[in-house]
Amino acid sequence: DSSGMFEILLIPAFKDNYIWLLVRDGHAAVVDPGDPTPVIARLEALQLKLDTILITHHHADHQGGVEELVARWQPRVFGPAKESITGCTHPLSGGERIEVLGQAVDVLQVGGHTRAHLAYYVPGAVFCGDTLFGAGCGRLFEGTPAQMCDSLARLAALPDETRIYCAHEYTEMNLRFAVAVEPHNRLLRERVERVARLRAAGLPSVPSTLGEEKATNPFLRCGEPAVVAAAQAHGAVDLSLVPVFAAIRGWRNSF
């Protein structure tokens with residue numbers, strides 16, 4: 001899969017993590033290398049030099065491999081300034097434009113899952129860590145519902161064809177919840193079947209597109225009547241966006 005000028009390769013890690021490897025002309029960048037071992041193996045197999053590490057947030061399954069990769073290749077390490085990121089050489093807070101493999105990359109502030117979570121956007125692709133998932137969103141470990149709503153809105157404002165490179169294979173599980181929220185959403189039913197076929201064939205369900213998420217992901221649909229009704233059934237009294245989101249996220253936590 002290509003975006004602009006670099007190729008995007010998937011490296012599975014742990015139980016359900018995805019590490020994204022960006023490749024161009026013998027050079028590479030890696031997003032959220034929680035485990036150094038499969039990353040080193042892929043870099044060596046493809047004879048690549050690692051220039052850049054992009055970290056979305058501080059959780060160990062996203063940055064655990066940084067130290068070993070830095071010792072080996074001395075790449076630049078970009079990550080959230082307000083979080084503890086191993087070996088961070090370029091602290092970011094969102095709003096910056098950086099260059100990766102000759103391509104301009106916009107840094108988006110998408111806090112909520114963690115306090116200062118970042119996403120990295122190039123036209124056609126966004127690397128959003130644990131903020132937006134296939135048919136879901138990250139748990140609010142450090143942020144507030146209002147903060148996560150803002151972050152999801154920032155991602156939802158990107159073009160519909162943007163591919164969503166999230167960091168976990170959670171889509172099937174998330175779709176089960178999405179169907180409980182919106183049982184009559186036809187596009188959602190179709191997505192369930194499509195994802196089931198992919199997973200049965202051992203293929204990843206990501207990246208999806210933003211357009212697909214806007215049509216089927218309940219957390220991007222908190223203004224839709226069916227989602228508002230579901231939130232009301234799960235304790236939302238105030239039916240504005242943030243309380244609806246909070247009710248749906250709370251229901252998801254115990255689903």
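# A chat about cores, helices and loops

Visitor: Which residues touch the most other members of the largest nonpolar core?
Guide: Of its 54 residues, Ile 98, Tyr 120, Phe 127, Leu 155 and Ile 248 do. A nonpolar core is a set of buried Ala, Val, Leu, Ile, Met, Phe, Trp, Tyr and Cys residues joined through side-chain atoms within 4.5 Å. Buried means under 20% relative accessible area, exposed over 50%, and partly exposed in between (1.4 Å probe, protein chains only). This is a predicted model, where local features need pLDDT of at least 70 and side-chain atom pairs count only at pLDDT 80 or more, while totals for chains, interfaces and linings use all residues. Residues are numbered from 1 along each chain as its sequence is written, and side-chain values use heavy atoms, leaving out hydrogens and water.

Visitor: What does Ile 248 touch?
Guide: Not counting residues up to four places away in sequence, Ile 248 touches Phe 177, Val 181, Pro 218, Phe 219, Val 227, Ala 230 and Ala 231. Contact means heavy atoms within 4.5 Å.

Visitor: How do α4 and α9 pack?
Guide: Helix α4 (residues 145-156) and helix α9 (residues 241-253) pack at about 100°, with axes 9 Å apart. That makes α4 roughly perpendicular to α9, a label for angles of 65 to 115 degrees; under 35 is roughly parallel, over 145 roughly antiparallel and the rest oblique. Axes are lines fitted to C-alpha atoms, for helices over the stretch in contact, and angles run from 0 to 180 degrees between N-to-C directions. Helices (H or I, at least four residues) and strands (E, at least two) are DSSP runs, numbered from the N terminus.

Visitor: Which residues of α4 meet α9?
Guide: Pro 145, Ala 146, Met 148, Cys 149 and Leu 152 in α4 meet Leu 241, Val 242, Phe 245 and Ala 246 in α9.

Visitor: New topic. Is Thr 56 buried or exposed?
Guide: Thr 56 is buried, at a relative accessible area of 0%. Thr 56 sits in the loop between β5 (49-54) and α2 (60-63). Beyond its neighbours within four places in sequence, its contacts include Tyr 120 and Phe 127.

Visitor: And where is Asp 25?
Guide: In the loop between β3 (17-24) and β4 (27-31). Asp 25 is exposed, with a relative accessible area of 66%. Its phi is near 50°, positive in a residue other than glycine.

Visitor: Which residues does the cis peptide bond join?
Guide: Val 206 and Pro 207, with omega about 5°. Pro 207 is in the loop between α6 (186-200) and β15 (208-209).
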